[in-house]
Amino acid sequence: MAGTISARQVLTPQGWLANGVIAFDDAGTITAVGNEGFDPVQAVGTLLPGMANLHTHSFQRAMAGLAESRGPQGADDFWTWRQVMYRFLEVLTPEHVEAIAALVQLEMAEAGYTSSAEFHYLHHQPDGTPYADPAELSQPIFAASAESGIGLTHLPVLYTYGGLDGRELKSGQRRFGNTVDEYEALYARIAQLAAQMPADFRLGVAPHSLRAVDRAGIDACMALCPEGPIHIHAAEQVKEVEEVEAHLGARPVRWLLDNCPVDNRWCLIHATHMDAGETADLAASGAVAGLCPTTEANLGDGIFPARDYLAAEGRFGLGSDSNIRLSVAEELRMLEVSQRLAHRQRAVLTDDSTRSNGRYLYERAARGGAQAIGRRAGTIAVGHLADLVALRDDVPILNWPQPDQRIDGWVFGSEQRAVSEVWSAGRHIVRNGEHFRAQAIRGRFALAMDQLMRAL
Ligand code: ZN
């Protein structure tokens, strides 16, 4: 699998390299970055470090369009959306999960994501009965990644109760629930299966949220996985912040910072609602804020305090979460334009040395995303995985003279067919804009959707 890639422009940690050549070995690790052997005939356009997708619930892709009408009380919000999601869970089989996950991973790759962290909370049969194999529904995610070639970090989720008062799981939640003992058995089984996964596979843990896991549950997760990533849904909804405050005596991000060893292994998904102190302290912790701008906008969550957080050198990465859209460019654009609207300014999220809004956000999201999912990637340098994305430079808007302007053109002006090639740990999975197994994966997805439509 070793190979070399020539590119007319390469984004390195030192800046742009013209007529660059990247070499990688059989393990998919970059061994050289330079100019030697540049091949102008085979060269791709603008080569960027690949983007990690740090937060996805793949099956939710198949719900797109089902939850966009107003609920019966004349209002629609996150909680009514969740009801649709629960109804969907009544009919989903392992075969559906695999067909949907493969399609989602294909769409991610074609959008420029090179790896993906599945926040995996679907464990049991629709009535809550465990499968004979506790990892029955992790296996379809693994099979999908073997087919799609995308780099996978698996985050099995611990979900113990239905709310902060410790209430029982309700109908739609029965597929999620595990005691700590059951979760330990699940984790052990997944760790066993991981031995057959590619070398760039990573395993982490995910206590679902402070709504669903208590202190003992978080401790159990940390004990199981002393080195891998730890992800938790933090502060997505105002109602959630109020509930956590009422039960635990502190806002959720504050509680996590004060009660858990939050450091660079941690990723706080939807740290949307933070006060100034939480914003500064999360930035100083070295943890990654897992931002999912299109989903957070779709669900009406609120606006993340990105200007202050980035000014404090806070780290962040991108997640596609509900997968209502799969677009690296749109996530970055949504992140920036929400700040423009809130602050009535332009080019909010950049600094005086980078200046380019698109490049500033892209570089930080790629680095932060890789950190969050435990992957040595996110920058084009020797010793890092060859997670690489090539943008076309033979179409208008993507061929401006300054390479920074090409990223800005992609993020703010164009995304259609912008990505031409994608490599994940050296695996060449998107070629001339199309995933190499597009036909088979799209065909199976269409069949699965057909069955789901009839079952719902
Ligand atoms: Zn989520």
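Trainee: Which residues of helix α6 (residues 238–248) are buried?

Mentor: They are Glu-240, Val-241 and Val-244. Please keep in mind that this is a predicted model.

Trainee: Where do these buried residues fall, seen down the axis of α6?

Mentor: They fall within an arc of 100 degrees, so they line one face of the helix.

Trainee: And what do the buried residues of α6 pack against?

Mentor: Their packing partner is α7, which covers residues 252–259.

Trainee: What follows α6?

Mentor: Gly-249 follows α6, and its phi is positive, near 80 degrees.

Trainee: Which residue has a positive phi although it is not a glycine?

Mentor: Arg-344 is one of them, with a phi of about 50 degrees. Arg-355 is also not a glycine, and its phi is positive at about 65 degrees.

Trainee: Where does Arg-344 lie?

Mentor: Arg-344 is in the loop between α11 (328–343) and α12 (357–372). Arg-355 is likewise found in the loop between α11 and α12.

Trainee: Is Arg-344 buried or exposed?

Mentor: Arg-344 is exposed, with a relative accessible area of 77%. Arg-355 counts as exposed too, at 65% relative accessibility.

Trainee: Let us turn to the metal. Which protein donors does the zinc ion have?

Mentor: The zinc ion has His-55, His-57 and His-233, each through NE2, and Asp-321 through OD. These donors lie 2.1 to 2.8 Å from the ion.

Trainee: What spacing do the donors follow along the chain?

Mentor: The spacing is H-x1-H-x175-H-x87-D. His-55 belongs to strand β5 (residues 51–56) and His-233 to strand β10 (residues 230–233), so this pair ties together parts that are 178 residues apart in sequence.

Trainee: Is the site of the zinc ion tetrahedral or irregular?

Mentor: The site is irregular, with angles of 79 to 169 degrees among the four donor atoms. A tetrahedral site would need all angles to lie between 85 and 135 degrees.

Trainee: Is His-55 buried or exposed?

Mentor: His-55 is buried, and its relative accessible area is 0%. His-233 also counts as buried, at 6% relative accessibility.

Trainee: What does the C-alpha trace span along its principal axes?

Mentor: The trace spans about 65 × 45 × 45 Å.

Trainee: How many of the 456 residues count as buried, as a percentage?

Mentor: Of these residues, 60% count as buried. The accessible surface of the chain comes to about 17600 Å², and carbon and sulfur atoms account for 49% of that surface.

Trainee: And among contacts between residues at least 6 apart in sequence, how many join residues at least 24 apart?

Mentor: The share is 73%.

Trainee: One last topic, Val-382. Where is its place?

Mentor: Val-382 sits in the loop between α12 and β14 (388–391).

Trainee: Which residues does Val-382 touch, not counting residues up to four places away in sequence?

Mentor: Val-382 touches Ile-30, Thr-31, Ala-32 and Val-33.

Key:
Residues are numbered from 1 along each chain as its sequence is written. This is a predicted model: local features need pLDDT of at least 70, side-chain atom pairs count only at pLDDT 80 or more; totals for chains, interfaces and linings use all residues. Side-chain values use heavy atoms; hydrogens and water are left out. Donors are N, O and S atoms within 2.8 Å of the metal (3.2 Å for Na, K and Ca); water is not among the atoms, so sites may look incomplete. Four donors count as tetrahedral if all angles lie between 85 and 135 degrees; four count as square planar and six as octahedral if opposite donors are over 155 degrees apart and all others between 65 and 115; anything else is irregular. Helices (H or I, at least four residues) and strands (E, at least two) are DSSP runs, numbered from the N terminus. Buried means under 20% relative accessible area, exposed over 50%, partly exposed in between (1.4 Å probe, protein chains only). Contact means heavy atoms within 4.5 Å. Accessible areas come from the Shrake-Rupley method with a 1.4 Å probe; for residues, only the protein chains shown count as cover. The arc is that of the directions from the helix axis to the C-beta atoms.
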